[in-house]
Structure formats: C-alpha cells, structure tokens
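Colleague: Hi! I'm new to this one, could you walk me through it?
Modeller: Happy to, let me bring it up.

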Amino acid sequence: MKTFRVVVASLLALVNLIPGVAHAVGLGNPNTYTFVGWSVSTTVPQLATCTDLRVDATGDLNNSTLLTVYGVQTCTGGAYLVTGTAFVSANGVFNMNLFVGTSTVLQCSMLGLSGGCQYLTTGTGAVLGTAVLTFK
Amino acid sequence: MAGADASGESSRKKLVNAAFFIVLVVFLGLLSKVSGLFADDDRGSAIALATKPLVSETKSTPRLQERVKPENEIGPPPQVELSGVVGGAEGQRLAVVSVNKSLEAVVRVGDTIFAASTVTEIDQDSLTYRHGSNLVRVVIQDRKALPQNKASSAQLPNNELQVPAKENILPGFIANTGTGGQQSSVESKNGNAEFRRAFENKVNSLRSPL
C-alpha cells in the first residue's frame, strides 16, 4: 500500500511538471499556412482593381479554432497591407476580420472558404460595399 | 491461520497492482491529451501513440526547405536602375537603385536587392551584383526630365505603374509595390490546398462528438 501511494504521488508530481497542465491550459503548436489566396470582387469603387488577397495564417488548428492572419491585398498600382484574425466555427463557417490599409475592415463570414463579405470603415462602421471572396 | 494470512497478502498485492495499472493508464491518457499525440482520426489508437510525431504538423519546415532551390530555378535577374552613388557616413559608397521599377532604395555592398541578388561592388559610376553565379554590372542611368504637370503618372508607358488618383484609393494604400506580395516566380505554389485540408479537418473535429 505504501509503495502504491509513493507511485501515485510520483506520477501526480510528474504530471504537474508538464507545462500548462497545472493551469488547465492546452499546449499550442502553431503552424503557418503561407500564401493562402482569394480572388476578390467588390462593389467598393476604391477597391475595384484590388482583386488578389494573399495572406499567411498562423495558428494551431489541432488545439484551437483561432488564426492570426496577415498579408496583402494587391491592386493595380499598389497594395494594401491587411492584418486580422479568423476563427473556424463548428457549423463550417470561416469567420475573418481583416484591417485593410489604415481605416477599412473586411468582415467575412463564409460557409466554407468562399463567400460574401463586406468592407466597412473603421471610424463609423459604415458599410462601404460588399465583396465576394473566391478561394483559389 | 497462516494460510489465511498468505491469501490475504496475495489479494492485497493484486489490488495494488490493479490500482497501479489504472493510475498508469489515466496518466498516459492525460499525457497524450496534453501533448496532442492523439489526432482526431487516430483517437484511441495505441499504435498512434507510439508512432505519431510530437509535432502534429510540420508544414512550416517543408516550406523552409522549398526555399533552397538550385540555381536554374532562381529566376531571371531583376531589372536594376542605378540613379547615383553617394558617400555614406562611414566613408563607404552607397548606391541609389530602383529594382524592377519600384521606389528607389539606398544599398551598400553586401545588401540583397532582390531574391537571389546581392551587391558585390559599388564604384563611382556603377554597381555590380551577383545573381546566382552571374555578375551583373549596372551603370548610372541618365536622369529623366521631371514632367511639368500633375498627371505625370499617366505618361508612363506601363499602365500597371500608374498610381491611382487620391479619390480612387482608401487610406493606407501603398503605391508601386511591384508584385505586391504576390508569388514570385520562385514560389509557384500556394498554401491553399494545405489550408483547406486543415480547415476541413477542424470543422469535422468540431462536429464530431467527443
């Protein structure tokens, strides 16, 4: 019985040494998915030529539903830097919010990886126009 | 009496062993949950425990390996225009260059100006860079006369170099980015296939009962 207690106590001590276990937090092992791309078609006049959205997405989809997303929306004559967050819902929806440039947000809730989004201004939240993202 | 003690002792030992076994199984289960050894499709498989790598995906490592490409795959040399050579604060020569018609940058010997191109020499009227195994020398270009009116961008022959008018862009627009983050000729693949797989696996795991 004494031996049993010693063994159990040792195992419990070992378990507590594993990082994160003592705090009931999962260990993350993020991956980066590079050059993930969409074709963009939008009603926003200023973004009419910005037809390519290319991002890297970083996160641990094994242990989490969250991703950091960052990249570029390319237009004729230039581009906008984009940065934001995405998460995967159990209903199969890919939700993504991206800051585009310095005062515009691209907000997407797409069933699968293609679908409808909208551009909003960050100041008032007014809708600038809609967009369709097509996963390449 | 002695026989009864002996059988009692034997039963205690069996109980201890059984308890130890149960604790060991619980511990291994906890360990596997923490380290993510069990993927969704391998749930409950003891063989997966033995063979699954600790890192569930190493997608970023192959990506790193893809960048080490043989010389014949590094693509053509960039189009470099040398606007001038100036002296730096430490007495070194600095060259003002435009690579592939992008905005000018100041470079010094040893700087990488594009993908596989590195500056090897700067003298008073030229710049030499190495692209793969080739050395390319560029001399100072004659300065173009600045256009007199505001619509100077419209005079450029290549439509892709036209910077949109202010009312046609949103705040944060970065002009003349060249490829603007699009894939270079070196990286012809995108990450969509792998991302789609990861996304679908995640949706399936969220929908599956625990």
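Modeller: Let's begin with A:Cys50 and A:Cys75: the torsion about their S-S bond is about 100°, so this disulfide is right-handed. Keep in mind that this is a predicted model.

Colleague: Thanks! Where do A:Cys50 and A:Cys75 lie?
Modeller: A:Cys50 is in the loop between strand 1 (31–42) and strand 2 (52–59) of chain A, while A:Cys75 is in strand 3 (residues 66–75) of chain A. The pair therefore ties together parts that are 25 residues apart in sequence.

Colleague: And is A:Cys50 buried or exposed?
Modeller: A:Cys50 is buried, at a relative accessible area of 1%. A:Cys75 is buried as well, at 8%.

Colleague: How many disulfides are there over all chains?
Modeller: Two. The other one links A:Cys108 with A:Cys117, S to S 2.1 Å. That link is right-handed too, with 110° about the S-S bond, and both of its cysteines are buried.

Colleague: Switching to chain B, in what order do the three strands of the open sheet come?
Modeller: The order is 1-2-3, with antiparallel pairing. Strand 1 (80–87) and strand 3 (105–107) of chain B are at the edges with a single partner strand each, so one side of each has no neighbour in the sheet. From one strand to the next, the twist averages 30°.

Colleague: Which residue stands opposite B:Val86?
Modeller: That's B:Leu94, in strand 2 of chain B. Strands 1 and 2 of chain B pair over seven bridges.

Colleague: Last one: which residues make the nonpolar surface patch?
Modeller: B:Phe20, B:Leu24, B:Leu28 and B:Leu31 make a patch of about 290 Å². B:Phe20 sits in helix 1 (residues 2–35) of chain B, and its 35% relative accessibility counts as partly exposed.

Technical notes. Residues are numbered from 1 along each chain as its sequence is written. Chains are lettered from A and ligands numbered from 1 in the order in which they are written. This is a predicted model: local features need pLDDT of at least 70, side-chain atom pairs count only at pLDDT 80 or more; totals for chains, interfaces and linings use all residues. Side-chain values use heavy atoms; hydrogens and water are left out. Patches are made of residues with over 30% relative accessible area and no salt bridge: like charges are joined within 9 Å, nonpolar side chains (Val, Leu, Ile, Met, Phe, Trp, Tyr) within 5 Å. Accessible areas come from the Shrake-Rupley method with a 1.4 Å probe; for residues, only the protein chains shown count as cover. A salt bridge is a side-chain nitrogen of Lys or Arg within 4 Å of a carboxyl oxygen of Asp or Glu. Helices (H or I, at least four residues) and strands (E, at least two) are DSSP runs, numbered from the N terminus. Buried means under 20% relative accessible area, exposed over 50%, partly exposed in between (1.4 Å probe, protein chains only). Two strands pair if DSSP finds at least two bridges between them. Axes are lines fitted to C-alpha atoms, for helices over the stretch in contact, and angles run from 0 to 180 degrees between N-to-C directions. A disulfide is a pair of cysteine sulfur atoms within 2.5 Å.
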